[in-house]
Amino acid sequence: MNASGGPKHDQPLFHGGVPGLQAGDRIFSAAELGLRDLYRYPQGSVYRSDLVYLTTDVNSARRYATNYLQPNGGRPPGDVYEVTSHGDVLLDPDYPQIGRTRGVFLMTASPVEVTRVVERDVTLTEDEKWRIDVRHAHWALDDGPVYDDDGHLQMSKPMAERGVPPEWLAIIRPWYDGRKLRQDGWFVADTPEQLEAAFFDALPQLDRAHPVEQRRLVRPFPSKLVCAECEATFGSDQESAAIHQLGETEVQAMSALMGMGRLYPSFIVDAARRRHPERWSWFTPR
C-alpha cells in the first residue's frame with residue numbers, strides 16, 4: 001500500500017479539492033467521474049486524470065484546494081480532507097524525490113475515503129500560495145533547499161563555491177524570491193533603478209532601523225547626531241550616522257559580499273534619501 005520512499009504506514013494523507021464532502025465519502029479520479037480536464041499544467045507535467053492526487057503535507061493540500069475547478073469553469077473555495085487509501089500509493093513523478101519533496105506528493109489509482117474534514121472553504125492570498133509552493137523548492141536536483149522553515153534563504157552550492165558570505169543571506173528578508181539572486185549572491189538587475197528597487201525589496205529594514213536625528217545636547221555647544229532608538233551619538237560624523245541608520249549589520253554584510261572592509265554605501269544612502277527624505281533630513285550631502 002505504501003510507495004517506495006513514500007509515507008510511513010501511520011503517516012496521514014491529505015487531499016485538497018471538491019468542497020462539501022463528509023467523513024465516509026469517497027473521492028474519485030476525474031476520469032472515473034467522467035469529467036473533462038480543464039486545468040492547464042506546466043510543460044513537462046505528467047498529470048493523469050485517472051489518478052487521485054494526495055500529499056502528506058496539509059499545507060500543500062490547502063494549496064491544491066484553492067485550485068479546485070468545477071466542470072463549468074467555476075472556482076469556489078475547495079476543502080481539505082484527511083483520507084485513507086485502500087489501494088497502492090505511488091510517488092508523483094512531477095516532484096523529484098529529494099530533500100523536502102521526498103515522499104510528500106503522491107497518487108493512487110483507487111478512490112480514497114474521507115476520514116476527517118480538516119478545513120472548509122480554503123482561501124489563500126497570492127503570497128500565501130507562493131510560500132507554500134516554494135517551501136519544497138531546491139536550488140537544483142543535487143543541491144539543498146532554497147529556504148529553511150522560517151523562509152530564510154539557504155546557501156546554494158554555487159554560492160558557496162563563489163564565497164558568498166552567510167551573513168549576507170542572513171539579512172535578506174524571509175521568503176525573498178531566490179530567483180532574484182545571482183550565483184555570486186548579487187541581485188539580478190540590468191539598470192541602477194532595478195538594483196535600487198532590489199535592495200529595498202530584499203532589505204526593507206534599510207528604511208526602518210535606527211532613526212538618526214540632530215540634537216543639541218548641551219547649550220551652547222553645537223548639535224550632535226544621535227540615534228533616537230538606541231541613543232548612540234556620532235557628533236558631526238555623517239558617514240557613521242548614515243551607516244548606523246541603514247543598519248550596522250546590513251552594511252557589514254554588504255562589505256563582506258563585496259570583499260571589502262567597512263564600506264560607505266553611498267549608492268544606498270542616496271537611494272534611501274530619495275525614498276524617505278524626511279528620515280534623512282539631518283543629512284547634508286558633501
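1. Some ground rules. The model is predicted, so local features need pLDDT of at least 70 and side-chain atom pairs count only at pLDDT 80 or more, while totals for chains, interfaces and linings use all residues. Residues are numbered from 1 along each chain as its sequence is written, and side-chain values use heavy atoms, with hydrogens and water left out.

2. Overall shape. The chain has a radius of gyration of 26 Å, whereas a compact globule of 286 residues would be near 19 Å; this radius is taken over C-alpha atoms, and the globule rule is 2.2 Å times the number of residues to the power 0.38. Along the principal axes, the C-alpha atoms fill a box of roughly 85 × 40 × 35 Å.

3. Make-up. You will find eight helices and ten strands in the chain; helices (H or I, at least four residues) and strands (E, at least two) are DSSP runs, numbered from the N terminus. Buried residues make up 40% of the 286, where buried means under 20% relative accessible area, exposed over 50% and partly exposed in between (1.4 Å probe, protein chains only).

4. Helix α1. Spanning residues 58-65, helix α1 has Ser 60, Ala 61, Arg 62, Arg 63 and Ala 65 as its buried residues. Their cover includes strands β1, β3, β4, β6 and β7 as well as helix α2, judged by contact, meaning heavy atoms within 4.5 Å.

5. Helix α5. In residues 192-202, the buried set is Leu 195, Glu 196, Ala 198, Phe 199, Phe 200 and Ala 202. Helices α4, α7 and α8 are among the elements that cover these residues.

6. Aromatic rings. The whole structure holds 14 aromatic pairs; rings of Phe, Tyr and Trp (its six-membered ring) pair if their centres lie within 6.5 Å, with planes under 30 degrees apart counted as stacked, over 60 as edge-to-face and the rest as tilted. One of the pairs is Trp 280 with Phe 283, edge-to-face at 6.0 Å centre to centre and 80° between the planes; both residues are buried. Elsewhere, ring pairs join Trp 168, Tyr 176, Trp 186, Phe 187, Phe 199 and Phe 267 into a cluster.

7. Two backbone spots to look at. Most residues other than glycine have a negative phi. Trp 175, in the loop between α4 and α5, has a positive phi of about 65° and is buried at 7% relative accessibility. His 210, in the loop between α5 and β8, has a positive phi near 45° and is partly exposed at 22%.
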